Protein chains: 2
Amino acid sequence: MFERLDATLLTRLDAITAVTHLPPGHLLCRQGEQAAHLHILLDGQVALSGIAPDGAETVLEVAQPVSHFVLAAVLTDMPYLMSARTVTRSRVLMLPAPGLRALTRTEPALALALLGAMARDYRAMVRQVRDLRLRTAAQRLGCYLLALVAEAPGNTARLRLPFDKALLASRLGCRQDSLSRAFATLREYGVETHGAAVALHNIAALQAFALPDELADLPTDPG
Amino acid sequence: MFERLDATLLTRLDAITAVTHLPPGHLLCRQGEQAAHLHILLDGQVALSGIAPDGAETVLEVAQPVSHFVLAAVLTDMPYLMSARTVTRSRVLMLPAPGLRALTRTEPALALALLGAMARDYRAMVRQVRDLRLRTAAQRLGCYLLALVAEAPGNTARLRLPFDKALLASRLGCRQDSLSRAFATLREYGVETHGAAVALHNIAALQAFALPDELADLPTDPG
């Protein structure tokens, strides 16, 4: 996100940034509280969850390095819409919200960098809404697996699921029994699983079933 | 969105802006095409749809005056993620994407205004993802009705649905038969309908069932 900023501005950002090392299960921010920090994940995994008034919880995203989270809450000075909790040991940059907003007002290059990041975040959420409305759980799982091997040449690939199946089910917006049925459905399309190890034996057939988007944006840029 | 900009900048925006009057059913932009214009709806209604590779379509949002759409695509110079089609006669401001991006790079006040708008758009999409995952269709319908009467004092209210039930079903992410069942479910909570006319006889009961968010942002600001 900050890669195109000049050295002076990076130094000013660096001056307000703290690095924290966190154990698994650490709550970084809580839905409903006023935004205090922009977080940038350098190592580890962080689950971003939405919580309904009745306490039901769903994982909206699992942040992977390097990516930011709760940017919109920080920029609008509004309460967090998500809770963030580390899944694994993690290393996180934290930028205080008031300092970041002040720099954004005086540094046009920073405002433009954040505007690009915000637009990409928005497009990722639009895709999720579209997927939840137009794809079955099995298709969403298929798209997810295909995204993990996006670079694979040929028609087969092997991969490891990056987190456990409870978290994966929540991330895909389904219950664990639906996830098991989705994996069973995908066996017809050449998807074989042994624990976290997954083999795709027929990528073309999986694509024809899961119908991944052709409009994938560039990945969120580093930092 | 532009209300806090100074007169000079507004004049420069005005110089690249065209106003169009459009009939119902007019396609303003098509998913997958490179972003050409930022649209600002002044009068009328515009349905924003996502389309799956198999042609299935869902209405992600129905824009009401005054609001903008396809801002993220314009800012990132990427293809539209949605198609936009007028529902009723509409009046729309159109700002060419290259001109708007050029002004954004040279005018920090404009970049900041767009950054705020983009952050609010993102938060609206996060809410939709949370609703699709954590609320039933009947609860989503209840929240939608409650939002239409957000200002009502007391425990009862009357309102008119702003568009037909086919569009409402699609907007809520359900089929028309599910919408009919959702209205039937809500009768228990004092919701009575006659065509587009809706009476809420027990707002407290409807709130207790539908569990609307307490974290509603300020509405998208004008323009």
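In chain A, helices H3(A) and H4(A) are roughly perpendicular to each other, a label given to angles of 65 to 115 degrees, while those under 35 count as roughly parallel, those over 145 as roughly antiparallel and the rest as oblique. The model is predicted, so to speak of local features takes pLDDT of at least 70 and side-chain atom pairs count only at pLDDT 80 or more, whereas totals for chains, interfaces and linings use all residues. Residues are numbered from 1 along each chain as written, chains are lettered from A and ligands numbered from 1 in written order, and side-chain values use heavy atoms, without hydrogens or water.

Let's stay with that first pair. H3 covers residues 97-106 of chain A and H4 residues 108-134; they pack at about 110° with their axes 5 Å apart. Helices here are DSSP runs (H or I, at least four residues; strands are E, at least two), numbered from the N terminus. Axes are lines fitted to C-alpha atoms, for helices over the stretch in contact, with angles from 0 to 180 degrees between N-to-C directions. From H3(A), A:Leu100, A:Leu103, A:Thr104 and A:Thr106 make the contact, and H4(A) brings A:Pro108, A:Leu110, A:Ala111 and A:Leu114. Contact means heavy atoms within 4.5 Å. By class, this contact of H3(A) with H4(A) holds six nonpolar, two polar and no charged residues. Nonpolar covers Ala, Val, Leu, Ile, Met, Phe, Trp, Tyr, Cys and Pro, charged covers Asp, Glu, Lys and Arg, and the others, Gly among them, are polar.

Stepping back, chain A is divided into domain 1 (7-133) and domain 2 (136-210), with bounds from an automatic or database domain assignment. Their centres, taken over C-alpha atoms, are 27 Å apart. Domain 1 of chain A gives 12 residues to the contact and domain 2 of chain A gives eight.

Now over to chain B, where H5 (residues 137-148) and H7 (residues 176-187) pack at about 70° with axes 8 Å apart. That makes H5(B) roughly perpendicular to H7(B). Among the residues in this contact are B:Leu141 and B:Leu145 of H5(B) and B:Phe183 and B:Leu186 of H7(B). H5(B) also meets H8 (residues 203-210) of chain B, the axes coming within 9 Å and crossing at roughly 135°. H5(B) is therefore oblique to H8(B).

Finally, how do the chains relate? A rotation of 180° with 0.0 Å of shift along its axis superposes chain A on chain B, with RMSD 0.0 Å. The two copies are thus related as by a two-fold rotation axis. The superposition is by least squares on C-alpha atoms of residues with pLDDT of at least 70 in both.
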